[in-house]
Amino acid sequence: MTRRNSQALGSFAMPDAPVVPKPPFDLTKGKENSCKHLFESLESTKSVWVKMMSKATAPAVGTEMRLMFIADQDQASRVGEDAKWETKLASGVLKYHGNLGEGSYTLTAGPEARLYTRRGDKDGRGAEYSALELFDGKLLTMCDRTGNCDEIKITADGTLDIVPLVDAAGLPVAFRMGDGKKDKALKVEWATKKDGVLVVGSTGKERTDDDGNVVHEGEMWVKKLAASTYEIEHVDMRSFYNALRVAARCEQGAGYMIHEGGRWSDVHGAWLFMPRKLSRERYDEVVDAAKCVNLMLTCPDPPAPDGANVAMGEYLEFCDLRGCSDFLFVPGSNDCHIFVIRTEETLEGVLSTYASVIDLEGKVLMPEAVFQTERKFEGVAEVTEAFWEALVKSAAAEGVTP
């Protein structure tokens, strides 16, 4: 597979973000990972969101959108002692009822099917899918353990199967960390279409040791996957991610931000990120579970290194165990309505996936509610009628009815 490196995502070069001293925080305002410490920035950038919302349209009343969700069940993906792993592929119908405030949209759960792969890593992990995207006529998903890019395919009998995506040379497509020179899997967390390619990203956070020393920054690169050939280009996004962190006052060395949802909007000519976690303290694996945040950020391409042109907004309810695992722009809304899935992992290990719809100003158009329990859905995509029917048939073959 041909691979190219780049210092740009589009046509710009990204300068290194400056090192900014850690500002003081008034912890009486709320938990350190909440948005309460960003009050002035939230207020000063409200006009950006208002301007974006001025472009809003709405789907025709009664419009139904077919959504699919893919699960990352972590170690539970393993099937017995066999070298086999499974994922859950769920579905739902998002319906628009008109401009009715919190009653504007409803989500009705559809059937769920199981898909299997025999491709895991050396530690016995696999099928931990964290992104789902229709690209180049294919429904693609990516595993955050192996870095594998797989295709969810409609089989000859009309059901669904999961197979490796292969490039023009017939080789399986897999994403590797950093510049791609080392055979170490990228922890894929999000994907979006931009300029005719699929941009695939990771956490956006450097890896550190127990003392806070940086081990590597391989998850701060993104990949551009070309249509047709599926050639991979490696793009250094360290300065990009750091600009978001400077704006949110969790800059490198004084905190961190972890991404699982990012989208590019052609309508707004801007990025939208809804980080899953944020902290203004050193990373600690034990306490990290309770560092979720309800912050959304938008910026042009690229953001200013000092984060000056990054607008921020607060959405839904702050819950330190519940964060965004993916989102999509609702079709027909001119990228102004957002379908959001947030996953929650309690300290007792209970998993739940929540769904809601908001607009770019944070107005709730469908209240957040549990979509499924014992499932951690980390990827969502609108799919075609053909994929929907294949999922229904796959579920029926397992004895599951819609």
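**Chat: a helix, a core and a charged patch**

Mentor: Just after α3, Arg-249 takes a positive phi of about 60°. Keep in mind that this is a predicted model.

Trainee: OK. And α3 itself, is it buried or exposed?

Mentor: Largely enclosed by the rest of the structure, because nine of its ten residues are buried.

Trainee: Which residues of α3 are buried?

Mentor: Ser-239, Phe-240, Tyr-241, Asn-242, Ala-243, Leu-244, Arg-245, Val-246 and Ala-247.

Trainee: Switching to the largest nonpolar core. Which residues touch the most other members?

Mentor: Leu-244, Ala-248, Trp-271, Leu-295, Leu-297 and Met-312, out of 27 residues in that core.

Trainee: Which elements give two or more residues to this core?

Mentor: Four of them by name: β11 (197–201), α3 (238–247), β18 (270–273) and β20. The most comes from α3, with four residues.

Trainee: Now the surface. Which residues gather in the patch of negative charge?

Mentor: Asp-209, Asp-210, Asp-211, Asp-284 and Glu-285.

Trainee: Where is Glu-285?

Mentor: In the loop between β19 (277–279) and β20 (295–299).

Trainee: Why does Glu-285 count as exposed?

Mentor: Because its relative accessible area is 67%, and exposed means over 50%.

Trainee: Another loop, then. Where is Ala-76 found?

Mentor: Between β2 (64–71) and β3 (85–96). Ala-76 is exposed too, with a relative accessible area of 53%.

Trainee: What separates the C-alpha atoms of Ala-76 and Arg-263?

Mentor: A distance of 28 Å. Along the chain, Ala-76 and Arg-263 are 187 residues apart.

Key:
Residues numbered from 1 in each chain as written. Predicted model: local features only at pLDDT ≥ 70, side-chain atom pairs only at ≥ 80, totals over all residues. Heavy atoms only, no water. Patch = residues over 30% accessible without salt bridge, like charges linked within 9 Å, V, L, I, M, F, W, Y side chains within 5 Å. Areas by Shrake-Rupley, 256 points an atom, 1.4 Å probe, with all protein chains shown as cover. Salt bridge = Lys/Arg side-chain N within 4 Å of Asp/Glu carboxyl O. Lys, Arg positive; Asp, Glu negative; His and termini not counted. Charge placed at Lys NZ, Arg CZ, Asp CG, Glu CD. Buried < 20%, exposed > 50% of the residue type's maximum accessible area, 1.4 Å probe, protein only. Core = buried A, V, L, I, M, F, W, Y, C linked by side-chain atoms within 4.5 Å.
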